[in-house]
Amino acid sequence: MDANELRYDDSLGLNRKKAAAPLPEDRSKALLVGMIGAGKMPIYANTLTTGLSSLKVREALFWEWGIHDIKTARQIIEWSGTEGSRELYRKYYPFIGSSATAGECRRKAVLSYSSDACHEYIIYPFTHSIHSLYRSMDMMQGHPDFAFTPDNLPPDIIAWDMARLIWLVRLCFDCGYLDEVDAWDHILDADRRIWKHYGNIRQFFMGCLAGCAFLYGGQKDFTVRLALMEKWLLLQNECSTV
């Protein structure tokens with residue numbers, strides 16, 4: 001297994017549509033990246049369609065992104081590609097190493113911005129995000145592969161935004177907000193941006209985990225994704241020793 005590609009394996013426990021036509025390799029790999037964004041959602045790993053019911057698709061779009069029509073879908077897709085959670089993460093990152101608590105990190109971030117920026121970008125709604133990240137740092141600081149320490153946390157979480165974007169695009173395709181051509185264009189572009197930014201799978205995983213922690217903290221959404229990445233890293237290590 002190459003340093004910067006994901007491969008399917010039965011041990012990963014991913015859901016696959018039986019008898020689905022094989023996809024070109026670039027599309028197949030890009031969908032696997034998006035499985036990390038999907039987390040606990042039992043979507044197909046080998047087709048553009050997620051395989052979810054129409055109700056589940058609409059619920060996921062609304063509860064994860066507030067999407068309820070084609071206009072908001074296009075707005076969130078554009079936002080995910082240009083800004084996403086990574087812009088918020090970057091505002092806190094410079095202060096993580098020098099802050100013992102989430103509250104201290106927040107105070108330092110607030111002092112570094114104007115009053116307007118503090119209100120819009122720091123005080124609300126991102127207080128929750130930095131506390132979520134610090135809870136995960138407590139849980140993950142001794143992890144053998146993905147230790148969450150100030151020195152080890154990545155400065156950017158574009159991996160998380162792009163993995164989530166792939167999942168989002170597939171949901172929008174299922175809902176009729178995107179056609180097949182546009183959906184694949186978004187998915188393949190997100191995949192290219194990931195591997196242009198990261199040198200290997202471990203770096204990509206850390207970007208995903210830091211982003212997920214920033215959004216979800218120590219909730220089940222985080223632990224499900226962590227378990228998948230642990231399996232994938234083990235698989236990669238096994239392949240590299242063969």
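Arg193 lies in helix H9, which spans residues 180-197. The model discussed here is predicted. Relative accessibility at Arg193 is 27%, so the residue counts as partly exposed. Beyond its neighbours within four places in sequence, Arg193 is in contact with Gly81, Arg86, Ile158 and Met162. For one of these residues, Gly81, the C-alpha atom is 9.8 Å from that of Arg193. The two positions are 112 residues apart along the chain.

The overall fold is helical in its assigned elements. The chain contains 11 helices and 0 strands. Its pattern along the sequence reads α-α-α-α-α-α-α-α-α-α-α. Of the 242 residues, 49% count as buried. Among contacts with a separation of 6 or more, 74% are between residues 24 or more positions apart.

Gly81 and Arg86 also belong to a contact between two helices, H3 and H4. Helix H3 covers residues 70-82 and helix H4 residues 84-96. Their axes lie 5 Å apart, and the packing angle is about 45°. The two helices are therefore oblique to each other. On the H3 side, the contact is made by Trp79, Ser80, Gly81 and Thr82. On the H4 side, Gly84, Ser85 and Arg86 take part. By class, this contact has 1 nonpolar, 5 polar and 1 charged residue.

H1 and H8 pack at an angle of about 100°, and 7 Å separates their axes. An angle from 65 to 115 degrees counts as roughly perpendicular, so H1 is roughly perpendicular to H8. H1 contributes Ala30, Leu31, Val33, Gly34, Met35, Ile36, Gly37 and Ala38 to the contact. H8 contributes Trp160, Ala163, Arg164, Ile166, Trp167 and Arg170. The residues of this contact divide into 10 nonpolar, 2 polar and 2 charged.

At least two lining residues come from each of H2 (54-65), H3, H4, H8 (158-175) and H10 (201-216). The lining is made up of 8 nonpolar, 5 polar and 3 charged residues.

The segment before H1 holds two further residues of note, Leu12 and Ala19. Leu12 has a relative accessible area of 4% and is therefore buried. Apart from neighbours within four places in sequence, Leu12 is in contact with Arg7, Leu228, Lys231 and Trp232. The C-alpha atoms of Leu12 and Trp232 are separated by 7.0 Å. Along the chain, these two residues are 220 residues apart.

Ala19 is exposed, with a relative accessible area of 86%. The segment that holds Ala19 precedes helix H1, residues 25-38. Phi of Ala19 is near 65°. This is a positive value in a residue other than glycine.

Conventions. Residues are numbered from 1 along each chain as its sequence is written. This is a predicted model: local features need pLDDT of at least 70, side-chain atom pairs count only at pLDDT 80 or more; totals for chains, interfaces and linings use all residues. Side-chain values use heavy atoms; hydrogens and water are left out. Axes are lines fitted to C-alpha atoms, for helices over the stretch in contact, and angles run from 0 to 180 degrees between N-to-C directions. Helices (H or I, at least four residues) and strands (E, at least two) are DSSP runs, numbered from the N terminus. Angles under 35 degrees count as roughly parallel, over 145 as roughly antiparallel, 65 to 115 as roughly perpendicular and the rest as oblique. Contact means heavy atoms within 4.5 Å. Ala, Val, Leu, Ile, Met, Phe, Trp, Tyr, Cys and Pro count as nonpolar, Asp, Glu, Lys and Arg as charged, and the others, Gly among them, as polar. Buried means under 20% relative accessible area, exposed over 50%, partly exposed in between (1.4 Å probe, protein chains only).
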